[in-house]
Amino acid sequence: MSFFEELKRRNVVRVGIAYGVGAWLLLQLAEVLVELLDLPGEIGPVVVAVVIIGFPIVLFAAWAFELTPEGIKREKEVDRTASITPTTGRKLDRAIIVLLLVAVAYLATDKFLLEREPAATETETAASDESPVTPTIAVLPLADMSAAGDNEYFSDGLTEELLNILSKIRELQVAGRTSSFAFKGRNQDLREIGQKLNVAHILEGSVRKDDANNRVRITLQLIDAESGFNLWSETYDRNLEDIFALQEEIAHEVASALRVTLLGEDEARLDALASTTPGTYDRYLQGRKELAVGGYVHLEQARDLFQQVLAEDPVYVPARLALVETWTAMARTGAITIHEAVERSLPQIDPILEKDPDNGLALRLKADLHRGSLDWETAEHFYVRALDVDPRDAQALTNYGRFLYDRREVERGVALMDEAVAIEPYDPRVLWDTCQTSGHLGRLEKALKACRRIQELEPSGPQGYYGEAVAWLYQGRLPESMREFIQAIERDPEDYEMLAAMAAFWSALGEPDLATPWLERAEAIGAGQPFPLYVRALFFENNEQYERAVEIAQGALERQLDDRQGTNFFFRRTVAAHAMRTGEYAQGLENYRALLPWAFEAELVIPNDAVEFFPDVVHVAALMQAADPLSTRPEALLAFAEANTDVIHPAWGQRVIPLQQAMVRAVTGDRDGALEALERVANHGVNPYWRQDLLEEPAFHGLHGDPGYETIVADYEAAVEQQRIEARTLLEIDS
């Protein structure tokens, strides 16, 4: 008997055919289940591998073994005369026929019944092809390949410049600078980076700067972020003098590789790119590096470098705008006042906008400056213009969103900030406003997510920890807030306002000995600055040294110090509270004459913006009522205040609204209403200024001694005592 006939006799051929048809059906089933059940894509290749490996094993088993009435036996042990292989063969034939019928049925169903859906999909695809899809790209930080490895500022700066240039192409969506730089040095899979930044393409490469020969070599490659394949690559070897023309050339070639057509306006924007000498440009990039790091020392170094650049090239616009960015950042840290930042910056920006009215960065910076100087209408005008120029400017979106939020357009502001985070998910500046406002709204989980991402991005920076501290503070949880403040201070020990905040916390918890060292450190660094002065006044007030507290507060008001975190209001309240305590009402009213002149005029006309000074209006009414109980003016002021206690968003004012309601009701004599509102204030945890809000508040002077009021105070003091114990435990301070 031939070998082939032996294969047939042992049913090896039939088994092979049955296995092949069955395996094909199994693969079709696996494909359907993977898609239907959203199983991992790796399952498909595993099934294929198992099928391939199983085929020779099954054939060998069919050759070496035989099915008998007594079970499976080795073929050589079975008597040929007693073999039932013909019967087994007929069963296999029937099984093959059934499998083939199932396969034919599947193919017919797939061909004729399911064809309509793909046809519809093809139509949809064709329709979608008619609508151009905007290419998306991220520019990763170029690696510094200089011989000494000391030109990172140059490679980083060049990356930022390329990113900014590509952003000028309308048909291209470019991931923001900070989000792209978040992946610097991580050696992460480019496909993962593409998913996180939500871009389809990634531009990466390296820079080798050779100062000795005045040369620069830039190597770039464009990667498909989905497949990881290289779409385009190029190496440029040029003189440093050609760096600006080279940047424009790269932008054109990247656009061409992405099949983006540059419109006339795109070409005009690229042609308008500013240029300067190589040495001046080098110092400019060094300044950008210092500005990106931030903090007191680095901002001062950035300022000096930009001023040096402008001394060498007074018309280099990028340096002028960078200097304005530096001054505004210094104002945020308290290194200079907002007034100084505005006074220095506007003369730099206005000439730029005269020549280039669509300079998006200049528009946004001008909006920020007017916002800082409380010129709301002008600020909004320039925010809108900046976003008209570049709707994807994440910094403009978050700044305008925060502007609207602070102006009590809460939901609209939050929507803009969320949009900014979607564009720049790894930008600490964008995450910062989400961190703060979410904490303010009581959305702790969202706040902590944003704050902790900042901590991951900038582990050596204070901002993420400070943001988390503020989020816990809005929850009325001082121990956790203090823990995060300490983390922030360890990273920025020169920030005297955070040092002063720690002093305020300990003082509020009734621990003057623990408050004193923090306050002394704050005063040593920020002598004469408003926030440490306020905390010193608060410290005296908490310890019933009222005369000393009033002396500090009145002195600060007379010197017209910059208003930091509402310090001027706190100073006015300290003086007003003492006036209510001593009966010197006229003295207490003096600080309000310049702030609210209309409240003292013969004919009382309350302006629309009076609601911005709600607590001050109530304090004036309380002092006037105490000074002259027969006067009708306090009644008119209180009527206005009562109508506006809840003008702010309920979530935004979760603690503020009931406090304002309690103030108005207490001065109007509605004891029960005032106590009910104060109960709601107490439900929002412990505030570091609780003594001032509850015990020293001028509006509550008439409630002192009331049993209901004293019960609320006692309950609040019990909550404070509990948090004092928790703070000592959490911060590991011996009792």
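**Helix pairs, a cavity and a pocket**

The crossing of helices H29 and H31 is left-handed (the near helix is turned anticlockwise from the far one by less than a right angle). Helices (H or I, at least four residues) and strands (E, at least two) are DSSP runs, numbered from the N terminus. The model is predicted: local features need pLDDT of at least 70, side-chain atom pairs count only at pLDDT 80 or more, and totals for chains, interfaces and linings use all residues. Residues are numbered from 1 along each chain as its sequence is written, and side-chain values use heavy atoms, without hydrogens and water.

H29 spans residues 614-627, and H31 spans residues 656-668. Their axes (lines fitted to C-alpha atoms over the stretch in contact) lie 10 Å apart. The angle between H29 and H31 is about 15 degrees (angles run from 0 to 180 degrees between N-to-C directions). H29 and H31 are therefore roughly parallel (an angle under 35 degrees). On the H29 side, the contact (heavy atoms within 4.5 Å) involves Phe614, Pro615, Val618, His619, Ala622 and Gln625. These meet Gln660, Met663, Val664 and Val667 of H31. By class, the contact of H29 with H31 holds 7 nonpolar residues, 3 polar and no charged. Here Ala, Val, Leu, Ile, Met, Phe, Trp, Tyr, Cys and Pro count as nonpolar, Asp, Glu, Lys and Arg as charged, and the others, Gly among them, as polar.

A second pair consists of H23 (residues 496-508) and H25 (residues 530-542). The packing angle of H23 and H25 is about 10 degrees, and their axes are 9 Å apart. H23 is therefore roughly parallel to H25. H23 contributes Tyr496, Glu497, Ala500, Ala501, Ala503, Ala504, Ser507 and Ala508 to the contact. H25 contributes Phe531, Pro532, Val535, Leu538, Phe539 and Asn542. The contact of H23 with H25 has 11 nonpolar residues, 2 polar and 1 charged.

The crossing of H15 and H17 is left-handed. Arg364, Asp368 and Arg371 of H15 contact Gln395, Ala396, Asn399, Arg402, Phe403 and Asp406 of H17. Of the residues in the contact of H15 with H17, 5 are charged, 2 are polar and 2 are nonpolar.

The count comes to 3 cavities of 30 Å³ or more. On a 1 Å grid over the protein atoms alone, a cavity is a set of points where a 1.4 Å probe fits but cannot get out. Grid points are joined across faces, edges and corners. Helices H32 (671-682), H33 (690-695) and H34 (707-730) each give two or more residues to its lining (residues with an atom within 4 Å of a point). The lining includes Arg655, Leu678, Trp690, Asp693 and Tyr716. The lining of the largest cavity has 8 nonpolar residues, no polar and 2 charged.

The second largest pocket (an open set with protein on both sides within 12 Å along at least five of seven lines) holds about 320 Å³ of space. Its lining has 18 residues; Pro141, Ala143, Phe183, Lys184 and Gly185 lie nearest its centre. Strand S4 (143-144), helix H6 (152-167), helix H8 (190-197) and strand S6 (201-210) each supply at least two lining residues. H6 gives the most, with 3 residues. The lining of the second largest pocket has 7 nonpolar residues, 5 polar and 6 charged.

Conventions:
Parallel < 35°, antiparallel > 145°, perpendicular 65-115°, else oblique.
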